[in-house]
Amino acid sequence: MISQADLQRITKECFWDAHTSPEEIVSVAKGSDLRLKKKLFEKILLGSTNLFRDLTVFNSGDLASLIESYTVPAFNKEYTFRRKNLAEVYFLKKPLLIPELQWRR
């Protein structure tokens, strides 16, 4: 379970441009509105300094679906691709595709 301190940090790091409360973050993450969940996921994916911890605000089924369905945009493509791939590796046990982070033989 994500802590109140983590939720406060998410609001500062990921929602600096909007008035969003920690309670709203939890409500969206646990709610049924997929559009809002996708928006929250993207905000955390791109803005969080503690990505893996902060993504645990979603239940594991929703998180897997959000990661799988997320399309890397053309804008800021390399950064976004890296963040998504790290989430895929950590939560979905997918292969690491970032060359400089791979083990060399």
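Q: Leaving aside neighbours within four places in sequence, which residues is Ile44 in contact with?
A: This is a predicted model, to begin with. In it, Ile44 is in contact with Ile10, Cys14, Leu51, Asp54, Leu55, Val57, Phe58 and Arg83, with neighbours within four places in sequence left out.

Q: How many residues does the largest nonpolar core have, and which have the most contacts inside it?
A: The largest nonpolar core has 20 residues. Those with the most contacts inside it are Ile10, Phe41, Ile44, Leu55, Val57 and Phe58.

Q: Which helices each supply at least two residues of this core?
A: α1 (4–14), α2 (22–30), α3 (34–47) and α5 (60–69) each do. The largest share comes from α3, with four residues.

Q: OK, on to α5. Which residues are buried there?
A: Leu63, Leu66 and Ile67 are buried in α5. Seen down the axis of α5, the buried residues fall within an arc of 95°, so they line one face of the helix.

Q: Why would residues a few places apart point the same way?
A: An α-helix has 3.6 residues a turn, so residues three or four places apart point the same way.

Q: And what do the buried residues of α5 pack against?
A: They pack against α3 and α6 (77–92).

Q: What caps the N-terminal end of α5?
A: Asn59 does. One of its side-chain oxygens lies 3.1 Å from the backbone nitrogen of Gly61.

Q: Back to α3. At what angle do α3 and α5 pack?
A: About 75°, and their axes are 11 Å apart. Angles of 65 to 115 degrees count as roughly perpendicular, and α3 and α5 are therefore roughly perpendicular to each other.

Q: Which residues meet there?
A: From α3, Leu34, Lys37, Lys38 and Phe41. They meet Asp62, Leu63, Leu66, Ile67 and Ser69 in α5.

Q: Now α2. Which of its residues are buried?
A: Pro22, Ile25 and Ala29 are the buried residues of α2. They cover an arc of only 60° around the axis, which puts them on the same side of α2. The buried residues of α2 pack against α1, α3 and α5.

Q: What about α1, which residues are buried there?
A: Asp6, Leu7, Arg9, Ile10, Thr11, Glu13 and Cys14 are buried in α1. The buried residues of α1 pack against α2, α3 and α4 (51–54).

Q: Which side chain does Asp6 join in a polar contact?
A: That of Ser3, at 3.1 Å. Leaving aside neighbours within four places in sequence, Asp6 is also in contact with Arg53 and Asp54.

Q: Switching to α6. Is Lys84 buried or exposed?
A: Lys84 lies in helix α6. Lys84 is buried, with a relative accessible area of 12%. Beyond its neighbours within four places in sequence, Lys84 is in contact with Leu45, Ile67, Glu68, Tyr70 and Val72.

Q: And Lys77, buried or exposed?
A: Lys77 is in helix α6 too. Lys77 counts as exposed, at 53% relative accessibility.

Q: One last thing. What separates the C-alpha atoms of Lys77 and Ala64?
A: They are separated by 21 Å. Along the chain, Lys77 and Ala64 are 13 residues apart.

Notes:
Residues are numbered from 1 along each chain as its sequence is written. This is a predicted model: local features need pLDDT of at least 70, side-chain atom pairs count only at pLDDT 80 or more; totals for chains, interfaces and linings use all residues. Side-chain values use heavy atoms; hydrogens and water are left out. A nonpolar core is a set of buried Ala, Val, Leu, Ile, Met, Phe, Trp, Tyr and Cys residues joined through side-chain atoms within 4.5 Å. Buried means under 20% relative accessible area, exposed over 50%, partly exposed in between (1.4 Å probe, protein chains only). Contact means heavy atoms within 4.5 Å. The arc is that of the directions from the helix axis to the C-beta atoms. A polar contact is a pair of N or O atoms within 3.5 Å; within protein, one must be able to donate a hydrogen and the other to accept it, and residues adjacent in sequence count only if both atoms are side-chain atoms. Axes are lines fitted to C-alpha atoms, for helices over the stretch in contact, and angles run from 0 to 180 degrees between N-to-C directions. Angles under 35 degrees count as roughly parallel, over 145 as roughly antiparallel, 65 to 115 as roughly perpendicular and the rest as oblique.
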